[in-house]
Amino acid sequence: MFKELCAKAFPKSLWVYHCNVGACNGCDIEVIDVLTPYYDAERFGIKLVASPRHADVLLVCGPVTRQVVPALKRLYDAVPHPKLVLAIGSCAVGGGIWFDSYNVVGGADTILPVDYYIPGCPPRPEAILHGVAVALGLAEKDIESVHLKQLPDRPESVPVEVE
Amino acid sequence: MIASKLKEAILSLRPGRVTLKYPFAPHDPEGDFRGYPEIDTDKCIGCGGCAAVCPARLIMIQDIDQNTRRIVRLLERCIFCGRCADVCPEDAITMTKRFELSTDSGREDMESECQVFMATCQRCGRCYEPPSALDKIMKPGLRNDEVKRGGQDSPYKHISSE
């Protein structure tokens, strides 16, 4: 229901505030890459803004470090409703290779309600564009969890029922 | 002044459209791009080499019963380094060119589970990799040999019972 509401509330342009919460700058470079004329995310009305109060979308890059958690919470509260959160990169999606480090909380969705996940290390500019297209309803998501099982008497694997 | 601006406009018209049509037309990655690491469950022997080398430690191995080994991969934190594909002795893991991994329904979408049928060590009860593919065919499931101690039914019983 929240997603339907968002589809109604964001008919035209998404203004994006990009925050780096401990990323290595790989994802940030790819985000800038998406805004170049070659990939041109601005044709979907996407624009980077300098203040979270102007933004509709929060781009989160990085495996939220412990030091930045209060700042990230304040940042999220500063974005006016309705708002979306995009987690870009493996770090923001699941913590990356730092998922259990002492100084990292491991993923943006431990702190914020994340709406769209774009994995990759760093994600290709096309992958970010695909995430944007999924967020705008231009494309369908292309990934599902896989559960397969080998059986002793059969050459091919069968799917496992997940509860 | 105006002439130079006009010249600039004409120059910028020359290259035409440079923008990729990407979300509306497919665009395959070129070169040796490493995307989603796909695991072929039929080929996997459950040796656990991938779990040993994964830098993100996202491949977990659980022996859920005596001849099933679960290989759970939380690909949400995969860094697509390709080490698991390098180390796999059966080439069960391949780095595909898939990059459209974005999802709107949570990080569970990047999960991958593969249950491998294993042989069981008769001494310790744990799963192990069978010595060869032939053994895997010959001994499916748990062996249940009849218990025969030395001398129980033997014709030389009277000697050993002394």
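1. A:Ile46 touches A:Leu14, A:Val16, A:Leu35, A:Ala41 and A:Val132, leaving aside residues up to four places away in sequence. Contact here means heavy atoms within 4.5 Å. The model is predicted: local features need pLDDT of at least 70, side-chain atom pairs count only at pLDDT 80 or more, and totals for chains, interfaces and linings use all residues. Residues are numbered from 1 along each chain as its sequence is written, chains are lettered from A, and side-chain values use heavy atoms, without hydrogens and water.

2. The largest nonpolar core has 26 residues, and A:Ile46, A:Ile88 and A:Leu129 touch the most other members. Such a core is a set of buried Ala, Val, Leu, Ile, Met, Phe, Trp, Tyr and Cys residues joined through side-chain atoms within 4.5 Å. Buried means under 20% relative accessible area (1.4 Å probe, protein chains only).

3. Among the elements giving two or more residues to this core are α2 (26–34) and β3 (57–61) of chain A. α5(A) gives the most, with five residues. Helices (H or I, at least four residues) and strands (E, at least two) are DSSP runs, numbered from the N terminus.

4. Chain A has an open sheet of five strands in the order β2-β1-β3-β4-β5, with parallel pairing. β2 (47–48) and β5 of chain A are at the edges with a single partner strand each, so one side of each lacks a neighbour in the sheet. Strands pair if DSSP finds at least two bridges between them.

5. β1 (residues 15–20) of chain A pairs with β3(A) over five bridges. There, A:His18 has A:Leu59 as its bridge partner in β3(A).

Key:
Buried < 20%, exposed > 50% of the residue type's maximum accessible area, 1.4 Å probe, protein only.
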